[in-house]
Amino acid sequence: IFQGVVEHSAVLKAGRKLPNMTAKTQSINVLDMLPMAYWVDSDIGYKGTSRMTWDQKKLYAEELAVIIPIPEAVLDDANYDIWGEIRPRIVEAMGRRIDGAILFGAGKPATWRDGILQTAASADCAVTESADLFQDIMGPDGVIAKAEESGFMPTGVMSAVSMRARLRGLTDSVGQPLFLSGMQGSAGYMLDGLEMSFPMNGAWDDSQCLMIVGDFHQLVYSIRQDVTYKILTEATIVDPSTHNVVYSLAQQDMVALRAVMRLGWEIPNPVSAYRADLDDYSPFSVYVPAAEVSNG
């Protein structure tokens, strides 16, 4: 069942799935210090010693749920499978919530880390759009270079769908399109050999970010509980914010479908020889609109 949520979540499709969690909190060991090798200055010289250390990062499994109430009369009168129609919309909504929380920190649980946008911005891996789109993306100070400077080789690009038109409009000095080899076949969008994806589930906020470039192997997630469904027939449903009763299923001749899943995610961000001396780094860089990046 969980495969449906993966298909509706651009982040989970691009990220790396770890083995399922066996508890609400799970630690992953991350290399924190590299060993050093030393030249021996003579035949009887002392050999240097070194050590490696590991830090622990934690994945916190948080619950994502929804309840869909429906009058029994509607079910009785329907000439099609209502539950079959509802379930795909539920996994789509879950995918949208997951992407929004991981990419932008939108409505994220308190235990989860900052979203990718905030993580990249705090590591000075954000490029603000200018009049020169090509240099913003491909230049030595562009969004691809920002991820590389942190010691990561980008594996993919995630972008707002509005960027497709801007890329189609890029031309060289003689007016030839830079990203289209022909006008007859389908257009495959790639940047420096990196395949692009354009999330269409409604989670992307192009007022905050236009493009994310990075090593998506560094985005890991784990499932504590696959999506499970349960039919409720006699429950009382209350508003989560006010705790006021919204539906009394038994009294109002209604039934409800409840869907629940739990997962956690993290960015391991291990130390590497390329950036061992850097104070801050991020496997992701972001291309943001000229307006200020939100850190909320």
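In which helix is the place of Thr-119? The legends below answer this and describe further close-up views of a predicted model.

View 1. Thr-119 has its place in helix H5. Its relative accessibility is 11%, and because buried means under 20%, Thr-119 counts as buried. When residues up to four places away in sequence are not counted, Thr-119 touches Arg-113, Asp-114, Ile-267 and Ser-282.

**View 2. Strand S14, covered on both faces.** Strand S14 comprises residues 284-288, and five of its five residues are buried. In a regular strand, the side chains alternate between the two faces of the sheet. In S14, Phe-284, Val-286 and Val-288 lie on one side, while Ser-285 and Tyr-287 lie on the other. Both of these faces are covered.

**View 3. The strands that pair with S14.** Strand S5, residues 126-128, pairs with S14 in the parallel sense over three bridges. Within this pairing, Thr-128 stands opposite Val-288 of S14. Strand S9, residues 211-214, runs antiparallel to S14, and four bridges join the two strands. Here Ile-212 has Val-286 in S14 as its bridge partner.

**View 4. Ile-212 and the largest nonpolar core.** In soluble globular proteins, nonpolar side chains tend to be buried together. The largest nonpolar core of this model holds 43 residues, and Ile-116 and Ile-212 touch the most other members. Among the elements that give two or more residues to this core are helix H4 (82-104), helix H5 (116-122), strand S10 (220-232), strand S13 (254-266) and S14. H4 gives the most, with 11 residues. Apart from neighbours within four places in sequence, the contacts of Ile-212 include Leu-103, Ile-116, Trp-204, Phe-284 and Val-286. A second, separate core consists of 18 residues, including Val-143, Val-157, Met-211 and Tyr-287.

**View 5. An open sheet of four strands.** The strands of this open sheet follow the order S1-S10-S13-S4, and their pairing is mixed. Arg-16 stands opposite Val-220 in S10.

View 6. Phe-134, Met-138 and Leu-178 make a nonpolar surface patch of about 220 Å². Met-138 belongs to helix H6, residues 133-138. Its relative accessibility is 31%, so Met-138 counts as partly exposed.

**View 7. Two loop residues with positive phi.** Most residues other than glycine have a negative phi. Asp-124 is not a glycine, yet its phi is positive, at about 60°. Asp-124 is placed in the loop between H5 and S5. Is Asp-124 buried or exposed? With 57% relative accessibility, Asp-124 counts as exposed. Asp-192 likewise has a positive phi, near 50°. Asp-192 is found in the loop between strand S7 (190-191) and strand S8 (194-197). At 52% relative accessibility, Asp-192 counts as exposed.

Key
Residues are numbered from 1 along each chain as its sequence is written. This is a predicted model: local features need pLDDT of at least 70, side-chain atom pairs count only at pLDDT 80 or more; totals for chains, interfaces and linings use all residues. Side-chain values use heavy atoms; hydrogens and water are left out. Buried means under 20% relative accessible area, exposed over 50%, partly exposed in between (1.4 Å probe, protein chains only). Two strands pair if DSSP finds at least two bridges between them. A nonpolar core is a set of buried Ala, Val, Leu, Ile, Met, Phe, Trp, Tyr and Cys residues joined through side-chain atoms within 4.5 Å. Contact means heavy atoms within 4.5 Å. Patches are made of residues with over 30% relative accessible area and no salt bridge: like charges are joined within 9 Å, nonpolar side chains (Val, Leu, Ile, Met, Phe, Trp, Tyr) within 5 Å. Accessible areas come from the Shrake-Rupley method with a 1.4 Å probe; for residues, only the protein chains shown count as cover. A salt bridge is a side-chain nitrogen of Lys or Arg within 4 Å of a carboxyl oxygen of Asp or Glu.
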